[in-house]
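This report goes through one protein model, part by part. Please keep the sequence and the 3D view open while reading.

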Amino acid sequence: MTGPPRFPLAVLPTPLVPAPRLATGSPVLIKRDDLTGFGTTGNKARAMEFLLGAALRDGCDVLVAGGSSGSNFLQAVALAAACGGLGCELVIAGEQDSANLRIACGAGAQLHPLGHGDRAQLDDAVRRLSDELAAAGRRPYPMPRGGSTPTGAIGFATAAGELHRQLAERDADPRLVVIAVGSGGSCAGLLAGASDWPAHRRILGVSVSRPLCEITPILHRLATACADELGLPQPDMGRLELLDAIGPGFGLPERADLVAASTALTAEGLLLDDTYTAKSMAALLARAGSARSRLGAPAVYWHTGGLASAIGRTR
Ligand SMILES: Cc1ncc(COP(=O)(O)O)c(C=O)c1O
């Protein structure tokens, strides 16, 4: 694969391990991206390797991003900036304190409250802050929420190959790969990198923040642009199935999500967060529990991380 330079940050490959006690009726393998080993940034460490590589290639001297206080991506941006010798300016919507933000500040990030407006205004605020920094003589590298650009998605295009190799080593042939979808970069990257996968292997994208009518075109656009950037064949979008798991709202779990988190904790010792991984686990367990289960064959659950929030959860 060609593409932008990669700045190694994560400990890869992450383990692919069986989850024999989840009682799904069919074998489940867990892709442990909660163990990417770069702070507690989970899946976002993968995107950051390519975003930081591109920022350094472009001669930038400060990373600029925005998110809510629970954002694992912001922790990744701050740690990556520190490792790459760059500044870091973060726009924060809503609450201004969380474990992720404390880690980011410990790495030297400067926080800017969004003030009025909600998460939808973050990308505009990041652009404005970048313009101000550029006017002051800095060379900013602005990123949209979640780092979900075609370049950021390359992190998961390479992860698709990583998984494929690990499955081949185990002689495993899962039919379903379940992954949480927020801003879309991770799932889009998987789609772009899945050109070597057998046609019967599908991806279940569990959308936790955007309705399907909004996230579907985003995933198509990002996957296509990511494949173009890498010179890969056009992604097979027929491989993707999407599930709306927003429930009561972004970051708000419903009962099935809490039960899924508790099941994963007690059966396998997995820590899941309310925003992303509890919802994707609930989707996997719901598939396993339905009478005409599509899980009737081995599956992969992609544990995308969220440990900073998971450790802070009180339920
Ligand atoms: C723990 C976790 N899982 C899943 C996701 C979703 O990834 P994406 O935004 O690339 O869709 C995120 C995004 O921040 C995350 O932090």
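## Salt bridges

A salt bridge is counted when a side-chain nitrogen of Lys or Arg lies within 4 Å of a carboxyl oxygen of Asp or Glu. Side chains of opposite charge can pair when their charged atoms come close. The model shown here is predicted, and the structure holds 15 salt bridges.

One of the salt bridges pairs aspartate 61 with arginine 138, at 3.5 Å from N to O. Aspartate 61 sits in the loop between helix H1 (44–57) and strand E3 (62–68), and arginine 138 sits in the loop between helix H4 (122–135) and strand E6 (140–142), so this pair ties together parts that are 77 residues apart in sequence.

## Two domains

The protein chain is divided into two domains. Domain 1 is made of residues 16–43 + 149–312, and domain 2 covers 44–147. Between the C-alpha centres of domain 1 and domain 2 the distance is 25 Å.

## Where the domains meet

How many residues of each domain are in contact with the other domain? On the side of domain 1 there are 28, and on the side of domain 2 there are 23. Together, domain 1 and domain 2 bury about 1,900 Å² between them, and 56% of this area is on carbon and sulfur atoms.

Two salt bridges are found across the interface of domain 1 and domain 2. Glutamate 162 and arginine 46 also form a salt bridge, and their closest N and O atoms are 2.8 Å apart. Between domain 1 and domain 2, nine residue pairs are in polar contact. On the side of domain 1 that touches domain 2, helix H5 (150–170) and helix H10 (307–312) each supply at least two residues. H5 gives the most to this side, with eight residues. By type, the residues of this side of domain 1 are eight nonpolar, 16 polar and four charged.

## Around the ligand

The ligand is surrounded by 15 residues. The closest are Asn72, Gly182, Ser183, Ser186 and Thr304.

Which atoms of the protein lie by oxygen atoms of the ligand? Asparagine 72 has a polar side-chain atom 2.7 Å from an oxygen atom of the ligand. In serine 183, an N or O atom of the side chain is 2.6 Å from a ligand oxygen atom. Glycine 185 takes part through its backbone, with an N or O atom 3.3 Å from an oxygen atom of the ligand.

## Backbone exceptions

Most residues other than glycine have a negative phi, and most peptide bonds are trans. Proline 13 lies in the segment before strand E1 (16–18).

Aspartate 171 is in the loop between H5 and strand E7 (176–181).

Notes. Residues are numbered from 1 along each chain as its sequence is written. This is a predicted model: local features need pLDDT of at least 70, side-chain atom pairs count only at pLDDT 80 or more; totals for chains, interfaces and linings use all residues. Side-chain values use heavy atoms; hydrogens and water are left out. Domain bounds come from an automatic or database domain assignment. Contact means heavy atoms within 4.5 Å. Buried area is the accessible area (1.4 Å probe) that two parts lose on being put together, summed over both. A polar contact is a pair of N or O atoms within 3.5 Å; within protein, one must be able to donate a hydrogen and the other to accept it, and residues adjacent in sequence count only if both atoms are side-chain atoms. Helices (H or I, at least four residues) and strands (E, at least two) are DSSP runs, numbered from the N terminus. Ala, Val, Leu, Ile, Met, Phe, Trp, Tyr, Cys and Pro count as nonpolar, Asp, Glu, Lys and Arg as charged, and the others, Gly among them, as polar. A residue is near a molecule or strand if one of its heavy atoms lies within 4 Å of it.
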